[in-house]
Amino acid sequence: MSRSTAAALPFGLTDEQQTVAGMVREFADTEVAPHALQWDAEHFFPVDVIRKSAELGMGGIYVSEESGGTGMGRMDAALIFEAMSTGCPSVAAYISIHNMVAWMIDKFGNYEQKTTYLEKLVSMEHLGSYCLTEPNAGSDAAALRTSAREDGDHYVLNGVKQFISGAGTSDTYLVMARTGQDGARGISAFILEKGMEGLSFGPNEQKMGWRAQPTRQVIMENVRVPKENMLGAPGQGFKIAMSGLDGGRLNIGACSLGGGQAALEKAIAYMGERQAFGTELSGFQALRFEVAQMQADLEGARSLLWRAASAYDAGDPNTSLLSAMAKLKATDTGFDVANRALQLHGGYGYLTEYGIEKLVRDLRVHQILEGTNEIMRVIISRKSTGVG
């Protein structure tokens, strides 16, 4: 992939963007979708396939070209993650998280940090994990308690991070820890490496969905981290952590649309094959109307997501508001469409072999992560009314 040569139109795509989306969809169709059910059943993290996606530039989608990335925009990323998620939302969502880590190091890192970490992250020789959430600090991330105590040329980190995608397999961990006062201003960001003494991981969580990527605690017990591994300045960690959320919300919304689109395509194919009362299901007007509504809902959510992504790329001051709206709408819509597609399959939708119930399970968590949809409503209401 290479940098787009023209800006995306609000409701249209450049030729290059269409080519990129088609290329990623082909990769999803050939390298991901045929194995997704097996990965889900075996709780298998397909690292080799994820690394293969780096050959398409998916290890550093919006890492700058100067740092070895593809230098693409968030509109491009939205297309990429939707296309990839048609194969497996769990795999696509992990790649989004990896990209967030690489982008943060590119944006906030110094020359030495970029030189040390980005080449291997962009190539996906090394995988990255983002470590903010804690057992008692989820939506209220500024209440995190992981501590970083200064000790000579090091910081000593102690604490536990919860729900960390890729934990135990990833090589690079971007960890938010408290170096100062309570609240957001006392948080700093650190780059930790797998193998550091005192860094360990909890057991793989047994989850409803997202089974094709590990989710584990990241446990720090007197982990000595060199001072040069602090990303940004002391006290800048919360700002760094929050800087990725608008883009992360767009990405997870795109993953939801991709999963919903895959579910819709499965439902349409099934309706053309299955008969009831001597007639193909596609012959029943009520069912065709259901498909029409699902398609319209997806397209409406997609348009809002593209609007928000275009605003991000343009530096629009309303980006955070639009990203919250897009995340809310796209994740609700993607899950709803997958759930309705399951219903259209009847009892067969409940069987694992048809792949619909996996999509329902995978997409459910999208309404929770990157800020719950309740938090999205808080953000939208505050920015819309100025109250709260």
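Phe277 lies in the loop between β9 (275-276) and β10 (279-280) of this predicted model. Its phi is positive, about 55°, although Phe277 is not a glycine. The relative accessible area of Phe277 is 83%, and because exposed means over 50%, the residue is classed as exposed.

His43 also has a positive phi of about 55° and is likewise not a glycine. The residue sits in a loop, here the one between α2 (36-42) and α3 (47-53). How exposed is His43? Its relative accessible area is 30%, so it is partly exposed: this value falls between the limit for buried, under 20%, and the limit for exposed, over 50%.

From these loop positions the reader can turn to a helix. Arg340 belongs to helix α10, which covers residues 319-344. With a relative accessible area of 15%, Arg340 is buried, because the cut-off for that class is under 20%.

Which side chains make polar contacts with the side chain of Arg340? One is the side chain of Asp336, at 2.6 Å. Another is the side chain of Asp297, at 3.0 Å.

Terms used: Residues numbered from 1 in each chain as written. Predicted model: local features only at pLDDT ≥ 70, side-chain atom pairs only at ≥ 80, totals over all residues. Heavy atoms only, no water. Helix = DSSP H or I, 4+ residues; strand = E, 2+ residues; numbered from the N terminus. Buried < 20%, exposed > 50% of the residue type's maximum accessible area, 1.4 Å probe, protein only. Polar contact = N/O pair within 3.5 Å; in protein donor to acceptor, adjacent residues only side chain to side chain.
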